[in-house]
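Notebook open, new structure on the screen. I'll jot down what I look up as I go.

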Amino acid sequence: MQRLSLLCGLLLAAVAVCGLQRSFLTIDARPNSRSQTPLMHQGLPQMPRASSLGTEWTSWAATGVLAVGAAALALKSHRRDESSATMFSKHDKRTFRGKLHAHTFGKYRLRKNKARRIQAIKNGTFDPEKVVQRGQPEPEHPWDLDNILENPIYYAPDYFKEVLYDYWDDVNEKMREKWQDYMGIKGNQRYFKNWTPPDVNAA
């Protein structure tokens with residue numbers, strides 16, 4: 001695409017140069033109306049001729065338009081990524097930010113870490129023990145439901161809180177039975193909040 005734009009720009013520039021040369025030749029080759037007027041018509045009133053000024057201006061205007069078009073194509077031939085106006089644009093799908101905005105990044109390609117992981121599994125060199133966990137265990141958030149219920153800014157009926165606390169007691173009891181697989185390792189840590197494992201207390 002860049003080569004095509006450059007070729008069009010060069011062609012327009014060549015046409016503009018030819019137009020300029022033609023306009024100069026037209027101005028130089030204009031005949032002298034006084035010297036070529038026949039003697040028999042010198043004493044007679046002459047009919048007004050259409051001035052060639054309009055033709056000259058038309059030629060100059062066309063040449064200018066071609067030159068501007070060539071300059072525009074030459075500027076357009078540069079990569080859009082180098083422009084400060086489009087480099088940070090989220091609507092340019094050729095950039096990483098534009099692909100994220102259009103939800104197209106990763107749709108037809110694997111992420112590098114995933115590709116390396118799959119290749120390592122194929123080669124038989126993948127060791128799950130050396131995998132560095134990211135985002136786990138899940139951190140505590142202010143928008144967690146238990147934190148929202150304890151926040152005095154928000155209001156919840158007492159019966160709703162009682163039912164929810166009873167449900168959480170049952171879930172916490174089940175999750176604390178397998179705390180060695182989840183506590184501080186993965187998943188939501190709400191089940192182990194303000195709780196210490198019995199084995200640690202015995203030690």
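I began in helix α6, which covers residues 158–177. Y165 and W168 sit 3 residues apart there, so about one helical turn separates them. This is a predicted model, so I keep that in mind for everything below.

Y165 is partly exposed, at a relative accessible area of 34%. W168 comes out buried, at 10%.

Then another couple of rings, Y191 and F192. Their centres are 6.2 Å apart and their planes meet at 80°; over 60 counts as edge-to-face, so that is what I call this pair. I looked up burial here as well: Y191 and F192 are both buried. Together with W195 they make up one aromatic cluster.

How many aromatic pairs turn up in the whole structure? My search gave 3. Back to Y165 and W168: the ring centres lie 6.0 Å apart with the planes at 55°, so I note this pair as tilted.

One more ring to log, that of Y182. The charged end of K186 sits over it, 5.2 Å from the ring centre.

Last entry, the pockets. The largest pocket holds about 360 Å³ of space. Which residues line it? I wrote down N113, K114, R116, R117, F126, D127, K130, V131, V132 and R134. Sorted by class, that lining has 6 charged residues, 3 nonpolar and 1 polar.

Conventions
Residues are numbered from 1 along each chain as its sequence is written. This is a predicted model: local features need pLDDT of at least 70, side-chain atom pairs count only at pLDDT 80 or more; totals for chains, interfaces and linings use all residues. Side-chain values use heavy atoms; hydrogens and water are left out. On a 1 Å grid over the protein atoms alone, a cavity is a set of points where a 1.4 Å probe fits but cannot get out, and a pocket is an open set with protein on both sides within 12 Å along at least five of seven lines; lining residues have an atom within 4 Å of a point. Grid points are joined across faces, edges and corners, and a volume is the space filled by probe spheres set on the points. Ala, Val, Leu, Ile, Met, Phe, Trp, Tyr, Cys and Pro count as nonpolar, Asp, Glu, Lys and Arg as charged, and the others, Gly among them, as polar. Rings of Phe, Tyr and Trp (its six-membered ring) pair if their centres lie within 6.5 Å; planes under 30 degrees apart count as stacked, over 60 as edge-to-face and the rest as tilted. Helices (H or I, at least four residues) and strands (E, at least two) are DSSP runs, numbered from the N terminus. Buried means under 20% relative accessible area, exposed over 50%, partly exposed in between (1.4 Å probe, protein chains only). A charge sits over a ring if NZ of Lys or CZ of Arg is within 6 Å of the ring centre and within 35 degrees of the ring normal.
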